[in-house]
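This briefing goes through one protein model by topic. Please look at the sequence and the structure before reading on.

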Amino acid sequence: MNHTTQYAENEVIQITNQIIQDAIAKRASDIHFEPYQALYRIRIRVDGVLQMIRTLSVTLAKQVTVRIKIMANLNIAEQRLPQDGQLAIGNLTMRISTLPILYGEKIVLRIMDNSQHGLSLDQIGLDQQQLNDYKTLLDSPQGLILVTGPTGSGKTITLYSGLNYVESSQRNVCSVEDPIEIPLLGINQTQVNIKAGLDFTSVLRALLRQDPDIIMIGEIRDQITAEIAIQAAQTGHLVLSTLHTNSTAETLVRLSQMGIKTYLIAACLKLVIAQRLIRKLCPHCKIIATDPLIIEEDGQTNQYSQYIAKGCEHCLGGYYERIGIYEFLIITPEISSLLLASDQFSLNQIQQLIIQQQIITLSISALNLVKKGITSLAEVQRVLGENNY
């Protein structure tokens, strides 16, 4: 068929469904539909990495674009403004985002896993000490727990797993989210609706009048949200939320920069979790590297066997699925003393305390996985940067 051929409606439906089903079968988290001058590129993100799966002709692309917008009940005539929505295929819900670009509309589908499978704290990759610490602080009557990291680092699963753990008939657990990622039985979840005037601030203020025991805030985005979270943590509530920072130390600095007084941070904050997701080596094809892994530990040089990715029919480039790496910063008396010592503290001061207290950092957590043969040094360098391991 040439580029001007119009495809029959049932053919467009079949092609669109096939693309989505193929992406789901390949364990994709996102599907990208990207128009260019002479072709339409379709890519999927698997285990955090984008790969191209097919191209379409320009004419077919326009029809596929319309079909996806119809499935999500979007305005097919509106091509100049971004649109957002949802669509359902079988048991899966997908978030849709459209964006006008040079040669048409780019569409991204985010595939949402609406099941509670895998929301166990024992399965997200925490070591035993971290698991014990997280459970202990989740059982606290009040305080603030923050999970931090860039977009796509698994913060939502860590929070939801925590909520799943604390859910009980004796506690009122409420959340405000944008959007609600996974519906949880026993949790009162509210979705932000900016168009209707329902933002984080207004929902949080209403939640505090709902006799909550535990409050989950999808993300602390500004000073007002941060102040309400601190206020709630001060007045007998356990508050869980996320923040976009790269490390636990940066989180303390960010809260201070948001205008939160250091004595309030010291009084309310209980735990900061920084995390990333690392791809696991495929168990079918990983091979031992010829060079050992050499690490300086406790003043001596140690050698470990390490594995590298090879690639086979079971995996994507030698990797299959991902696992979390974590850095836990519990607000100890020493850290509280630093926060209370002055109105200003530096990132370097916090980092020095982390070293003194021998906290397992993200890089140590990642290297432990390399030692165990779960991931490769190359993957650690990809995720954390070559100078941060």
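Predicted model: local features only at pLDDT ≥ 70, side-chain atom pairs only at ≥ 80, totals over all residues.

Which residue in β15 does Ile294 stand opposite? Ile294 faces Gln303.

**Hairpins**

- Strand β14 (residues 293–297) pairs with strand β15 (residues 300–304) in the antiparallel sense, over five bridges.
- The Ile294 and Gln303 positions stand opposite each other across this pair.
- Two residues separate β14 and β15, which form a hairpin, and Asp298 in the turn has a positive phi of about 50°.
- Antiparallel pairing over seven bridges joins strand β2 (residues 40–46) to strand β3 (residues 49–56).
- Within this pairing, Arg41 has Thr55 of β3 as its bridge partner.
- β2 and β3 also form a hairpin with two residues between them, and here the turn residue with a positive phi, about 55°, is Asp47.

**Aromatic pairs**

- The count of aromatic pairs is two.
- In the pair of Phe33 and Tyr40, the ring centres are 6.4 Å apart and the planes meet at 35°, so the pair is tilted.
- Phe33 and Tyr40 are both buried.
- The rings of Tyr134 and Phe328 have centres 6.3 Å apart and planes at 85°, so this pair is edge-to-face.
- This second pair links distant parts of the chain, with Tyr134 in helix α3 (residues 128–138) and Phe328 in strand β17 (residues 319–330), 194 residues apart.
- Tyr134 is buried, as is Phe328.

**Charges over rings**

- Arg279 lies over the face of Tyr319, 4.1 Å from the ring centre.
- Lys286 has its charged end over the ring of Tyr307, at 4.8 Å from the centre of that ring.

**Helix α3**

- The buried residues of α3 include Gln130, Leu131, Asp133, Tyr134, Leu137 and Leu138.
- These residues lie on the same side of α3, because they cover an arc of only 165° around the axis.
- An α-helix has 3.6 residues a turn, so residues three or four places apart point the same way.
- Gln128, Gln129 and Thr136 are exposed and sit on the face of α3 turned away from its buried side.

**Cysteines**

- How many disulfides does the count give? The count comes to zero.
- The closest cysteine sulfur to that of Cys282 belongs to Cys312 and is 3.8 Å away, too far for a bond, because a disulfide requires the two sulfur atoms to be within 2.5 Å.
- Cys312 is in no disulfide either, and the cysteine sulfur nearest to its own is that of Cys285, 3.7 Å away.
- Is Cys282 buried or exposed? Cys282 has a relative accessibility of 1% and therefore counts as buried.
- Cys312 is partly exposed, with a relative accessible area of 23%.

**Database annotation**

- An unreviewed UniProt entry places the feature "domain: Bacterial type II secretion system protein E" at residues 208–222.
- In the model, the span of residues 208–222 is 0% helix and 27% strand, and its end C-alpha atoms lie 18 Å apart.

Technical notes
Residues numbered from 1 in each chain as written. Heavy atoms only, no water. Buried < 20%, exposed > 50% of the residue type's maximum accessible area, 1.4 Å probe, protein only. UniProt positions renumbered as here; feature names shortened; annotations may be inferred. Helix = DSSP H or I, 4+ residues; strand = E, 2+ residues; numbered from the N terminus. Pairing = 2+ DSSP bridges. Phe/Tyr/Trp six-rings, centres within 6.5 Å; stacked < 30°, edge-to-face > 60°. Lys NZ or Arg CZ within 6 Å of the ring centre and 35° of its normal. Arc of directions from axis to C-beta.
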